[in-house]
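Please look over the sequence and structure shown here before turning to the briefing below, which takes up selected topics in turn.

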Amino acid sequence: MACILGLESSCDDTAAALVTSDRQVLAHAVVSQNDAHRPFGGVVPEIAARAHVQILPGLVRDVLRDAGLGIGDVDAIAATAGPGLIGGVMVALLTGKGLALAADKPLIALNHLEGHALSPRLADPDLGFPYLLLLVSGGHCQLLEVLGVGEYRRLATTIDDAAGEAFDKAAKLLGLHFPGGPAIERLAAQGDPSAVPLPRPLVGSGEPHFSFAGLKSAVQRAAAADRHAPADIAASFQQAVIDCLVDRTRLALDRSDSPALVVAGGVAANASVRSALQRLAADRGRRFSVPPGWLCTDNAAMIAWAGAERFGRGMVDDLAAPARARWPL
Ligand code: KG4
Ligand code: ZN
């Protein structure tokens, strides 16, 4: 059994975790910087990078202490190396390199998207390859065939905004606090999802791509018209996003031989999104898997776990591994 230290700092969450190759999360810690970014209505890269520098080393100390381990007990160090805000990415990657160098441990320079993509296998021991993955986060909205560790075939992506980005923008239009996803979900619970007519961009189109920019503009018009209760706009918006996700995923699923449908990324923390996709999987006779909410939004347990998957297959990286702002899976 191997024990992996995971480090994450690619956006506005600073995180460290210790996870074993037999799926034990020995310790994990996440510090969200929501309060620091809230006055700006979104993530400010410079503020995020500076905060990661201040927070991450203390989190490494905390998780080692919580697990009763020293750095010498760890088998490898997995750090997010991209994609993301480059100043932030460099903090986890350099911290990981420093620890790997000092403790003479292998480094795994991880793609953050691979962390999301493999996270369902940490929570679900019976989930084997291949699976069809809907990856819905703040920066990405993709359908992928996950064939194995490091083997991904992208079937579709968004032609404009990511799903989480749409939640964040709609929330801002409704005067809700950042981050928008959880705020919309809470408000939507009090609204009528059929109250406001909103478009379902690309629904019914022949390739399973996504588009959310037109939906955001429609929310903007609905909010400006002042005819609808904010809760009804939130509920109608959330339903429109779900209808898009389900329609596009259905198309991909019908073209896929994968026995399982899997959802990951921050938007997968949304209970209505989860249940709509679960119904789709049941309807199409596929197994369904989604990690618990804390493992959907950014965290370091998914980085440590993806590190464990790579380490177990001898996939380690050189200390010269680059930090990448862009890095498609
Ligand atoms: O995976 P994640 O934490 O970071 C990225 O890698 O992007 O995803 C963050 C995104 C944000 O856009 C946030 O608004 C959205 O996930 N999100 C949600 C919920 N929780 C987080 N969207 C809808 N409902 C939620 N409950
Ligand atoms: Zn993420």
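Predicted model: local features only at pLDDT ≥ 70, side-chain atom pairs only at ≥ 80, totals over all residues.

- Strand β2, which spans residues 13–20, has seven of its eight residues buried, so the strand is largely enclosed by the rest of the structure; burial here requires 20 or more other C-beta atoms within 10 Å of a residue's own.
- On one side of the pairing, β2 is joined in the antiparallel sense to strand β1 (residues 3–8) over six bridges, with Cys-3 standing opposite Thr-20 of β2.
- These two strands, β1 and β2, form a hairpin in which four residues lie between them.
- Strand β3 (residues 25–32) also runs antiparallel to β2, to which it is joined by seven bridges, and in this pairing Thr-14 stands opposite Val-31 of β3.
- The hairpin of β2 and β3 likewise has four residues between its strands, and Arg-23 in that hairpin takes a positive phi near 75°.

**The shell around ligand 1**

- Ligand 1 is surrounded by 20 residues, of which the closest are Gly-138, Gly-164, Gly-181, Gly-266 and Asn-270.
- Sorted by class, this shell consists of 10 polar, six nonpolar and four charged residues.
- Helices α5 (163–173) and α6 (180–188) each contribute at least two residues to the shell around ligand 1.
- Because both domain 1 (3–117 + 296–311) and domain 2 (128–290) give residues to the shell, ligand 1 lies between the two domains.

How values were computed
Residues numbered from 1 in each chain as written. Chains lettered and ligands numbered in written order. Buried ≥ 20, exposed ≤ 12 C-beta atoms within 10 Å, placed from the backbone. Pairing = 2+ DSSP bridges. Near = placed C-beta within 6 Å. Nonpolar A, V, L, I, M, F, W, Y, C, P; charged D, E, K, R; others polar. Domains from an automatic or database assignment.
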